[in-house]
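Morning, everyone. Let me walk you through one structure. Here it is on the screen.

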Amino acid sequence: METVKFTVQGRIWSKRILYLVEGYPLIGYIGFGVIDRGTNVLQVRPTTLCPLNCIFCSVDAGPYSRNRWAEFLVDKDSIVETTKTIAEYKGGGVEALIDTIGDAFTYPWLIELVRDLKEEPSITSVAIETHGELLNKDIIDKLDKAGLDRINLSIDTMDPEKARILQGVKWFDLRRVIDMAEYIIHNTDIDLHVTPVWIPGVNDRDVIEVVKWAYRIGAGKKWPPATIQKYNVHKYGRRIPYVKPLSWRVFWKRIKELEQSLGLKLSWSMEEWGMKRMKRYPCPIRRGDRIAVKVSARGVFRGEYIGVTMGKTILVTIPSRRNIIGEKLLVEIKYNKDCLPIARVIGKI
Ligand code: SF4
C-alpha cells in the first residue's frame, strides 16, 4: 500500500512552511486532495495558495493570513490518480471541480491537471473556481485547449476601487479580470458562471450590477449564468467588523425578491446544475475509531497537524498545542463528516 509523503519546499510569506504532497489516496484533509460529498461533483484541491487577501475570506487565505502556518501544493499525478479512482468507483459521470481553499491559478501544473482529468472517461466535466486575478489570455487559451468546461468567477463589485478594498490588495485590477471574463465568453468554449459574494450593507448594489453584467455578456452558455454567494463567518476565516451574516432563511427570501425585481434567475436546483446524489467512495474509518497515525506535517491552520493512518492510508487532522510532528500516536476520531476526520490524541505508541 502506498502512503502519503510531505516534503518541505521552504518558507513562504515569511514564516509559513510550504509542503509538496505526494502519494495516494489523497483523501481525509479539507485543505487539499479530493473531497467526495456524496454527489457527482468531486472537489479537487491541488493548492492552498492565494495571492489575494479578501476581507471576507472564509479560509483566511493569502499573504497576510493570521491563522495559517502552512501551505500545500499537491503532486499532479497523485491528485489525478485519487480523482480517477473515486470517479470510477462512483460509476462515472463525475464533475471534477477544482475549488481549493486558495486560488486554483496558483497551481503550477494547472493546465496539465485539467488535461489529465479530461482524459479520464469517468470524468465528464472539469471546472475551476477563482477570483480571476491570475487569468490571462495565454492561460485561458491553454485551458481551452486542455478541455476545461467552466470557470466559476467571483467578482463582488463592478467598481475597481471597491474591488481593491474587498480583495484586500492595492494591486487588484478589476478591469483586467472583467476583460478576461469577456474574452472567455467570446473566444473560447469554456463556460463562465459568475458568483459574487454578497456582504450585507457593503456591496448590496454591487452584486446586482455584477449579475446583470453576467447575463449581459452571455455567461452561462451551458451551466447557469450567475449565483449570489452568502457571506459567512467561519472559525478560522476573516470577518468584517460590524457586519452580521444573514440567516439562510433571510438570504433566500432576499434572493427570491431580487429575482422578481430584476427578472433574472439567480437560484438553481441541483438538476439545473446537472448535479445528482451518488454513492460515496467508502471511508476507511468511522467516528469513535481508535487508530494509529504517524504525524507527518502541520495542517494549514495554526495548532493543526496532519497524521497519516498506519495501514489505512487516509489523512487525519489532529489539533495539538505542542509540536507532534514525527510522532506515532494513538488517536480517537471525534468527527468524520464527508470522510474529513478530526481526531484527539490519546497517547504515544
Ligand atoms: S476569498 Fe478566495 S480569492 Fe479571496 S483571499 Fe480567500 S481564497 Fe483568496
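One definition before we start. A nonpolar core here is a set of buried Ala, Val, Leu, Ile, Met, Phe, Trp, Tyr and Cys residues, joined through side-chain atoms within 4.5 Å. Buried means under 20% relative accessible area. And please keep in mind that this is a predicted model.

Now the core itself. The largest nonpolar core has 110 residues. Which of them touch the most other members? They are Phe6, Phe32, Ile98 and Leu192. Helix 5, residues 174–187, gives the most to this core, with 8 residues. Domain 1 and domain 2 both give residues to the core, so it lies between them. As general background, nonpolar side chains in soluble globular proteins tend to be buried together.

Next, the domains. Domain 1 runs over 31–262, and domain 2 over 290–348. Their C-alpha centres lie 29 Å apart. How many residues does each domain bring to the contact? Domain 1 brings 15 residues, and domain 2 brings 12 residues.

Leave out residues up to four places away in sequence. Phe32 then touches Phe6, Val21, Leu26, Arg45, Phe72, Val74, Ile306 and Leu315.

Ser78 sits in helix 1, residues 76–90. Is Ser78 buried or exposed? Its relative accessibility is 8%, and the cut-off for buried is under 20%, so Ser78 counts as buried. Setting aside neighbours within four places in sequence, Ser78 is in contact with Glu22, Gly23 and Leu26. Along the sequence, Ser78 and Leu26 are 52 residues apart. In space, C-alpha to C-alpha, the two are 7.2 Å apart.

Ser125 is in strand 7, residues 123–130. Ser125 has a relative accessible area of 7%, so it is buried as well. What does the Ser125 side chain join to? A polar contact of 3.0 Å links it to the side chain of Glu95. Beyond neighbours within four places in sequence, Ser125 is in contact with Val94, Glu95, Ala96, Asp149 and Trp223.

Last stop, the ligand. Around the ligand we find Cys50, Leu52, Cys54, Cys57, Ala61, Gly102, His131 and Arg238. How does this shell split by class? It has 5 nonpolar, 2 polar and 1 charged residues.

That's the tour. Over to you.

How values were computed
Residues numbered from 1 in each chain as written. Predicted model: local features only at pLDDT ≥ 70, side-chain atom pairs only at ≥ 80, totals over all residues. Heavy atoms only, no water. Helix = DSSP H or I, 4+ residues; strand = E, 2+ residues; numbered from the N terminus. Buried < 20%, exposed > 50% of the residue type's maximum accessible area, 1.4 Å probe, protein only. Polar contact = N/O pair within 3.5 Å; in protein donor to acceptor, adjacent residues only side chain to side chain. Contact = heavy atoms within 4.5 Å. Near = heavy atom within 4 Å. Nonpolar A, V, L, I, M, F, W, Y, C, P; charged D, E, K, R; others polar. Domains from an automatic or database assignment.
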